[in-house]
Amino acid sequence: MLGQQHKRSTTLMMVTTLLLLLFIVGCSNKESSSASSSASGDQASSAKSITMSWPRDIGTMNPHTYNPSQLFAQSMIYEPLISYQKDGKLEPALAESWTISDDGKVYTFKLRQGVKFSDGTPFNAEIVKKNFDSIMKNKKTHSWLGIIGVLDKIEVVDDRTFRMTLTEPYYPVLQDLSVVRPFRFLGAAGFPDDGDTSKGIKEPVGTGPWMLADYKQDEYAVFKRNPNYWGTAPAFDQITVKIIPDAETRVLAFEKGDLDLIYGEGVISLDAFQQLRENDKYVSELSDPVGTRDLLLNSSNPKLSDVRVRKALQQGFNKKAMVEGVTSGLEEPADTALSKNYPYTDVDLKPIEYNVEQSKALLDEAGWKMPAGGTVREKDGQKLEFELIFDKTDPIQKAMGETIQAEWSELGVKVNLTGLELTVQIKRLKANDFDLYFWYNYGAPYDPHSFINVVASPGFGISETLTALPMKKELDEQVHAALSSTDEKKRQELYTSILTTLQEQSAIVPISYVKKTAVYQKKIAKFVFPANRDENPFVGMQLSNP
Amino acid sequence: MIGYIGKRMIAIIPIVFIATLVTFGLIHISPVDPAEAYLTAAHIYPTPELLAEKRHEFGLDRPLFTQYVDTLKRIAQLDFGTSYLTNKPVIDEVMDKFPATAELALWSIIFSALVSIPLGILAAVYKNSWIDMVSRAISYFGASIPQFWLGYLLIFFFAVKLDWLPVEGRGSWENLVLPTLTLSMVMIALYTRMLRTSVLEQLQESYVQYARTRGIRERVIMLKHVLKIAITPFITGMGMTMGRLLTGTIIVEQVFSWPGFGRYFVEAIFNRDIPVIQCYVFISACLFIVCNLIVDLVQLYMDPRISAKGRAEH
């Protein structure tokens, strides 16, 4: 009897648990299937829409905050006052024109007429100020951006005129205004009641060509054309972004035809890119350089403080063969720390060429001799041995590290490789606790001014790396002069001098130019890489006629 | 019975306590600062000023002991705070992810059971026949193939080449097929062999010989007697797997872009999103305990000898 009762209650328990689980699953299923059918129903099948993938969820679409919002998506909805174009040309966007006072401290912007937010409300100086005020409320969060430190006053002159006053001249103000965040504009309806956007926004209302129409976190986002857009309307009606975290799955989805476009940096493996490139069914393209992969030789390490040693190391490995071998042509061997497609960087710099014999001679000259029967050079009882730290999740860094290790061992230089988590790696860079380090510059529109800024400013690890350069003080002064210069010609001279010194000193060894990749179906007739590294790739995109 | 369940549920408290302590310890031993991880993920350079601000915002500038006590207090009230990354309440996000994982786990368990029970029995009854060979082949294959590779292979054949099923995502029943198959393969491999062995063991028992002598039909012996005992270890195994599956199947969720709990957790680890990690550990601990309890209850139901012992204890 007891046993029977016992069995019955156990059965009841089990059935209830199972039902509960099924209920949870059932509830959510309904919701997600209806949503995803709307996403998939409109996708690739329609000739006037584009489907692309992205590794991470697009985020909250707040124009003034960072994580977890994805830059490309923010740039679809929100626009800057000034837009960064090819070779660093600055073009009017929401500001039609601007004037700069002679002392370089007052910037006056004439706003474009007739611009409306996607909800139909007008874009004017008042809303520009509201956005600036909200951004400046959280000054600390944006302190990485130079303009934040010098911005003194923001004024509405009239409905169409907006004025900014700086505490001191700082030439890259316009470049800073063209970045994707934080200086982009949210419509009044998006602001929370207290006006502070740092905690969240009500809805993503922007002036850009696209509006967020449907969104399911970690699954997809659907953008539709903004009917109130002031510029040339996009050539298609809809963009669906599918969140696919796995690179191989992304390629399979593309091959199946679920995706029209794979775009970004490192979004597919080198092998997959090669394979797709060889397939005539698809088009694949590489952008101009968007950044440089450099190897930092820390001059504050006594062994690396001698320029002869640094030069010997740069000459001692076959960069061209390594870059081509490791990246299968996805990256281009670099001779200078900054590529020439930024403003002020088209400077004639003498490359430091691969030459093993000269490299060995330089090491001998610097006093690092190979002991009889030894494999590692020595000086004053010390071995010529370094640690190269790399991001352990980056297969390219690892492969390059191994190549350099092998080639330098021929010179009598020992390299120990240490793979680290990215955050730990950055921490060691900032603490100046490394010998050799793979470092990247920031790319457009942040460079070249951010690059020279970290050369001079402590706290980023780069200035520290350069401390043993005999002309470091002079270099820092040149950087400050360049950043605050109001004379275009003088600025160019200063840049030329700074870049020449850095090239000769060989503490920042250029390895390769990193490029963005785009692989797309032939349905896309025209594809243009954005000049601004963080912008979306849909401007200028054309579809072929069905 | 209720008392027994109650007692087992109370055991959740010390286990969760230990789990949170270990998690808290491990997070703080790690050299990665959550504020730094946040800024790195946001592509912002972690200046000292910014780091200090983020640490303050996350409450990481307080003494460790205070942080831990606060965490415990919050968890006791089932308040898991807000995610560092998304700034949304962790519990809302978890409730959003959990159904996807539960759906996948449930279907995988059902499918594995539907395949491995008949296959295991047939392999035992027709030992060394072709069906036994097939089951053995499936087991070797399932146990040795890496899950991500199987996932890619299935996608390649069934989604890309044959175009029968979608590559990834969640929504309709079609989306469920490939991830379920991928997840089930290893379970089918394991449980078929397990069941085969235990059925074979039971077939050697004297009660089977007696039953045969009494002229009871083979089918009746198998279904009414042998299976009832032979299936117990199978149920235990399934129950434990359920616990594991419900906490997310990281590889499968990644390969099939399944918006589940496992993917959410992995991202949280990379971002050192402490509130999410703590919530995950709490829920996982509870799920394991509940699944264990269910297994025990099922065994109690299936095997009267255990139930008698169970009662004797209370």
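The model is predicted, and the values below were computed from it. Chain B contains 16 helices and 0 strands, and 53% of its 314 residues count as buried.

**Chain B as a whole**
- The C-alpha trace of chain B spans about 85 × 60 × 30 Å along its principal axes.
- The accessible surface of chain B comes to about 14900 Å², and carbon and sulfur atoms account for 69% of that area.
- Among the contacts in chain B with a separation of 6 or more, 73% are between residues 24 or more positions apart.

**The nonpolar cores**
- The largest nonpolar core has 129 residues, and the members that touch the most others are Leu295(A), Trp408(A), Leu436(A) and Ile155(B).
- Helix α15 of chain B, which covers residues 274–302, gives the most to this core, with 15 residues.
- A second, separate core has 105 residues, including Tyr107(A), Ile135(A), Val347(A) and Met541(A).
- When its neighbours within four places in sequence are left aside, Leu436(A) is in contact with residues that include Leu295(A), Leu304(A), Phe386(A), Glu387(A), Trp408(A) and Val415(A).

- Phe17(B), Ile18(B), Leu21(B), Val22(B), Leu26(B) and Ile29(B) make a nonpolar surface patch of about 600 Å².
- One of these residues, Phe17(B), lies in helix α2 of chain B, which covers residues 12–29.
- Phe17(B) counts as partly exposed because its relative accessibility is 39%, and partly exposed residues fall between the cut-offs of under 20% for buried and over 50% for exposed.

Notes
Residues numbered from 1 in each chain as written. Chains lettered and ligands numbered in written order. Predicted model: local features only at pLDDT ≥ 70, side-chain atom pairs only at ≥ 80, totals over all residues. Heavy atoms only, no water. Patch = residues over 30% accessible without salt bridge, like charges linked within 9 Å, V, L, I, M, F, W, Y side chains within 5 Å. Areas by Shrake-Rupley, 256 points an atom, 1.4 Å probe, with all protein chains shown as cover. Salt bridge = Lys/Arg side-chain N within 4 Å of Asp/Glu carboxyl O. Helix = DSSP H or I, 4+ residues; strand = E, 2+ residues; numbered from the N terminus. Buried < 20%, exposed > 50% of the residue type's maximum accessible area, 1.4 Å probe, protein only. Core = buried A, V, L, I, M, F, W, Y, C linked by side-chain atoms within 4.5 Å. Contact = heavy atoms within 4.5 Å.
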